[in-house]
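Hi,

Here is the structure I said I'd send over. Have a look at it first, and my notes on what turned up are just below.

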Amino acid sequence: MLCMKFLPESSKPDSKALTKNLPSTELSPSSQDLGDNSGDPQGEIDPRDRLTWSDFYVVLSIPIVSGLTYLGLIYLYNPSSISWLAPSEAPAFYSSSLWNAPKSIKQIQKELGEVQLKLGEKYGLQKEQYLYTVLETETQNIREIRLYQTIWDRGEEKFLLVSTTTVAGVDEYFVRSPLLKYATSPPPERLQPNRKRLPLKKLSRLKDSPSDYGGTWFATTGNVDGIAYGQIYYFVEDQRSQLFELESWTSPTGELPNWQRVLSNQTWQLVVNQTQKFEPLFTIWQPEVVTNQGDGKPINLRQITLNEAKNQPPKYREALVLASVGLWSPALEILNAMTTEMQSQGQSLSPYLQEQYDLISFHAQITSSQTQKSLSNLGEKALVSIIDGQWEEAIAIANDPDYKGDQIAEMLAKYHPHIWQRVTTLLTYTGVKKEIKLWGGLVVLHRNGLRRAENWLRSQKVDAKDYDQLLQRLDLAPIAIKPNQLIGTVNYIGRGNAGADWFLPPPKLEEGQAWYEVSISLLRDGNQWINAPFAELSDRSSLLLWRILGLSLNPNLGVVLYDAYGKSKTANLTAQSLWVSESGSLKILATGEVGLAPLLSTSTIAPLVTSGGAFAPPSSTAVDWQIVAPETIERIIRSMYSELQRNGQVSLEIEEFSILVQQQWTLLSVNLDGFGKPEYLLLLDREQVDLGDRHYPLAIAFTSEGSLLFSDVSGGRIWIDVLPSSTEGQILTLRDGRYEVWRLR
């Protein structure tokens with residue numbers, strides 16, 4: 001009690017008044033001493049030292065606040081532990097919080113709508129559980145798969161979110177990968193692994209799922225260019241239900257994965273069809289229960305592959321190689337021989353090898369059954385024979401003389417990569433059949449042309465008599481140009497042997513006939529005239545060229561001979577064979593009257609040979625000099641006068657020359673440069689301007705303003721005529737003894 005003397009005195013002088021009504025209390029001696037020491041002679045108690053009701057409430061509130069805080073924390077993390085706050089029905093595994101309280105469908109839709117999402121498909125499960133897809137409102141792409149548990153909260157059905165699985169899409173490169181196996185060029189830059197993911201649109205329950213593995217099987221799906229793709233999901237229902245994502249899948253046929261018994265182990269497999277037309281291919285997964293759930297998955301999908309097992313004989317490895325390029329039936333034959341030998345020794349295939357045997361047998365049954373079907377298209381019939389390894393049957397179809405082969409050519413254009421992979425694989429083995437090499441030659445024919453196909457077959461030691469007619473008949477791939485008229489020059493060969501270089505065997509020469517060689521200088525491709533050489537023709541079969549040049553329907557060739565006055569006369573030739581150089585120079589072997597030979601040398605310029613009908617240039621229109629502007633006439637006169645004067649041929653003054661021209665020479669209007677605005681053309685015969693022994697008429701062309709466009713006065717490039725075509729501005733000229741199409745601008 002001695003410590004009381006250190007208490008401070010009251011700061012108020014009238015402190016007695018504050019205690020005057022309090023009852024007096026006798027103090028013990030010790031108390032009195034204390035009172036004396038404290039300076040309070042009356043011994044009164046300070047009111048601040050009293051216990052009030054407010055102090056009582058403060059003390060009482062401490063456990064109440066603590067209790068409420070405790071209840072709040074419990075409810076925050078596990079509301080179900082507070083029975084009078086929890087829903088009336090809550091599962092044993094109900095682990096929720098204020099952030100994941102059970103909600104009605106309207107509440108869920110409202111929350112999703114705020115972030116541009118919505119609930120999609122719904123699949124009912126056992127134990128009042130449901131799977132919902134969550135979709136993007138605008139694109140309808142799946143963003144999540146949610147597992148909900150229904151809970152009845154005071155008579156109202158609500159949904160508790162048990163788990164959420166994010167859906168990220170499938171790699172586009174993986175989706176398109178089955179179609180890349182036979183691609184002839186690298187995939188585009190955008191189509192690279194892990195470059196782009198394709199969205200998923202739908203969740204489907206897999207039909208006829210076996211009970212062997214328990215649970216429920218689902219697949220998400222999307223579609224791009226007819227290719228279906230997605231992911232496999234496995235839903236397991238136990239004390240705590242979960243949805244597990246397993247494998248991605250892709251199917252060019254657009255089919256969902258399905259359950260089949262492919263293997264001989266008496267279980268079910270999940271099969272994805274990746275067949276391309278006649279090329280069967282199936283991905284086969286064997287479900288396996290996981291005993292050590294390191295990744296949490298109760299089940300895995302193991303793909304049955306053609307991966308090589310160790311310590312196996314060479315024949316086994318050969319079978320796997322053949323199967324990998326789609327030669328399933330030949331691969332099965334090898335495995336059958338191997339298993340027969342093993343059985344004779346009291347051995348059997350291991351489970352791993354047995355699975356590979358079943359995989360190969362499954363595909364071989366399909367390729368074999370295709371050959372039994374009746375196909376009207378002979379190209380497809382040959383293809384299914386090749387896919388099944390029946391090379392002799394396939395080449396017999398291609399060699400059929402009663403069949404022109406267009407369907408084979410169409411098949412090669414579409415499926416040559418499928419054939420080439422098989423051919424090149426088989427060529428790595430010895431004793432390859434001739435028929436296999438012939439199909440290889442046909443692929444080279446389609447890809448690289450006739451000459452390379454012949455060279456390739458020669459390198460494979462195939463006799464020319466076995467492939468010559470075959471290549472000639474089947475060189476039917478589309479050609480870039482469509483010739484409908486030819487122009488060239490002609491030379492006399494003689495009456496003896498025509499030579500051995502011609503592609504088609506020449507007929508026997510008739511009495512009074514001789515051989516002529518026509519060199520084609522230009523041809524008309526649609527409305528465009530093009531000059532030789534013709535690279536598109538350089539590597540094609542003679543039968544094809546004979547047909548596309550129109551010689552099979554009309555072998556007649558016209559010959560035009562010119563005299564010194566520009567007058568012409570004609571003769572005829574008949575095409576008999578042809579030859580094309582590697583650069584595309586084209587020559588035609590023709591027969592004609594012997595009497596034509598001496599006339600060829602009398603022509604002032606090289607005789608002109610045409611095919612495809614008569615040479616009929618477009619007509620021009622005469623122009624009255626009176627309607628031409630004076631300044632234009634002056635430019636024309638001066639340009640023409642300068643051209644003639646340069647050759648020393650003008651004896652008149654320019655004024656007299658102008659009068660002569662306007663009175664006696666005809667000015668023509670014709671579109672010469674292809675720009676749609678007519679130009680002026682003067683065609684002068686020898687009687688008007690005599691420049692000696694040369695080709696006439698002499699041509700001088702001017703623009704519509706009178707500027708000089710063309711003159712063959714010097715004879716460097718000789719004007720022949722405007723070429724017949726709906727495309728204007730193509731001029732036939734002769735330079736250095738060779739005909740050319742020439743454009744003024």
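Let's start with a pair inside the protein: D475 and R540 are both buried. Keep in mind that this is a predicted model. The two side chains form a salt bridge, with N and O 3.0 Å apart. D475 sits in the loop between helix 14 (464–474) and strand 15 (483–494), while R540 is in the loop between strand 17 (528–531) and helix 15 (542–548), so the bridge ties together parts that are 65 residues apart in sequence.

There is also a network: E172, R176, R190 and D225 are joined by salt bridges that share partners. In total, the structure has 25 salt bridges.

Two others are worth a click. R143 and E136 pair through their side chains at 3.7 Å, N to O. R143 is partly exposed at 38% relative accessible area, and E136 is partly exposed too, at 22%. Then there's E189 with R195, whose closest N and O atoms are 3.6 Å apart. Here E189 counts as exposed, with 57% relative accessibility, whereas R195 is partly exposed at 46%.

Is I299 buried or exposed? Its relative accessible area is 1%, so I299 is buried, given that the cut-off for buried is under 20%. Leaving out residues up to four places away in sequence, I299 touches Y213, W217, Y234, L246, P287, E288, V289 and V290. Of these, Y213 is 86 residues from I299 in sequence, yet their C-alpha atoms are 8.2 Å apart in space.

Cheers

Note on methods
Residues numbered from 1 in each chain as written. Predicted model: local features only at pLDDT ≥ 70, side-chain atom pairs only at ≥ 80, totals over all residues. Heavy atoms only, no water. Buried < 20%, exposed > 50% of the residue type's maximum accessible area, 1.4 Å probe, protein only. Contact = heavy atoms within 4.5 Å. Salt bridge = Lys/Arg side-chain N within 4 Å of Asp/Glu carboxyl O. Helix = DSSP H or I, 4+ residues; strand = E, 2+ residues; numbered from the N terminus.
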